[in-house]
Amino acid sequence: MRKLFALGLLAVLGLSVTSAEAQKDRQTPYWASISATKAMMRSGPGRNYPATWLYLRADLPIKVVETYPNWRKVQDPAGETGWMLQNLLSDTRTALVGGSEARPMHEAPDESSPVRFRAEPGVVGRLSKCAAGWCQLDVGGRKGFIRTDHFWGVDPGENID
């Protein structure tokens, strides 16, 4: 029984090391999103550093600009930077609609295609199918295509399959 427990423990430890190593090797900068409904940004990579922001919005897009073991230095849509625990972040790609007026969400990635609905500034949605300056954005189950210059969450010229 002890041998079986020891083998199981080694397997779990081996998997967690592999996962941590994979996160360390990721090239920065890269896009992510906040996975928790409450996420604290800190001034440094540790719980002993003062909190600078409390985010209460899951799926908010962020850009990871630096890594440090279990911490990620992130930039938010307003340009604020600080450190968050890795487990508060997700690889899910999201976007924050910007500007001062509602943005058209088209049926196809083409300005002349019909507008399905309009997304207000501050709306967050999940990204997919980005190419040629357009992305498909899913806002609460409603999907449409939006120009990449109307939101924050992708690099210029970036393609997403």
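Trainee: What makes up the largest nonpolar core in this predicted model?

Mentor: That core has 19 residues, and Ile34, Tyr55, Ile62, Val64, Val74, Met84 and Leu89 have the most contacts inside it. Strands β1, β2, β4, β5 and β6 each give two or more residues to this core.

Trainee: Which residues does Met84 touch?

Mentor: Leaving out residues up to four places away in sequence, Met84 touches Ile34, Ala39, Met40, Met41, Tyr55, Asn70, Trp71, Arg72, Val74 and Leu89. Another core, of 14 residues, lies apart from the largest one, and Phe117 is among its members.

Trainee: How many aromatic pairs are there?

Mentor: The count comes to two.

Trainee: Why is the pair of Trp31 and Trp152 called edge-to-face?

Mentor: Their ring planes stand at 80 degrees, and the cut-off is over 60, so the pair is edge-to-face. The ring centres are 4.7 Å apart. Trp31 is in strand β1 and Trp152 in strand β14, so the pair ties together parts 121 residues apart in sequence.

Trainee: Why is Trp31 called buried, and Trp152 partly exposed?

Mentor: Buried means under 20% relative accessible area, and exposed means over 50%. Trp31 has 6%, so Trp31 is buried. Trp152 has 23%, which falls in between, so Trp152 is partly exposed.

Trainee: What about the rings of Tyr68 and Trp83?

Mentor: Their planes are also at 80 degrees, so this pair is edge-to-face, with centres 6.5 Å apart. Tyr68 sits in strand β4 and Trp83 in strand β6.

Trainee: How do you know that Trp83 is buried?

Mentor: Its relative accessible area is 8%, under the 20% cut-off, so Trp83 counts as buried.

Methods:
Residues are numbered from 1 along each chain as its sequence is written. This is a predicted model: local features need pLDDT of at least 70, side-chain atom pairs count only at pLDDT 80 or more; totals for chains, interfaces and linings use all residues. Side-chain values use heavy atoms; hydrogens and water are left out. A nonpolar core is a set of buried Ala, Val, Leu, Ile, Met, Phe, Trp, Tyr and Cys residues joined through side-chain atoms within 4.5 Å. Buried means under 20% relative accessible area, exposed over 50%, partly exposed in between (1.4 Å probe, protein chains only). Helices (H or I, at least four residues) and strands (E, at least two) are DSSP runs, numbered from the N terminus. Contact means heavy atoms within 4.5 Å. Rings of Phe, Tyr and Trp (its six-membered ring) pair if their centres lie within 6.5 Å; planes under 30 degrees apart count as stacked, over 60 as edge-to-face and the rest as tilted.
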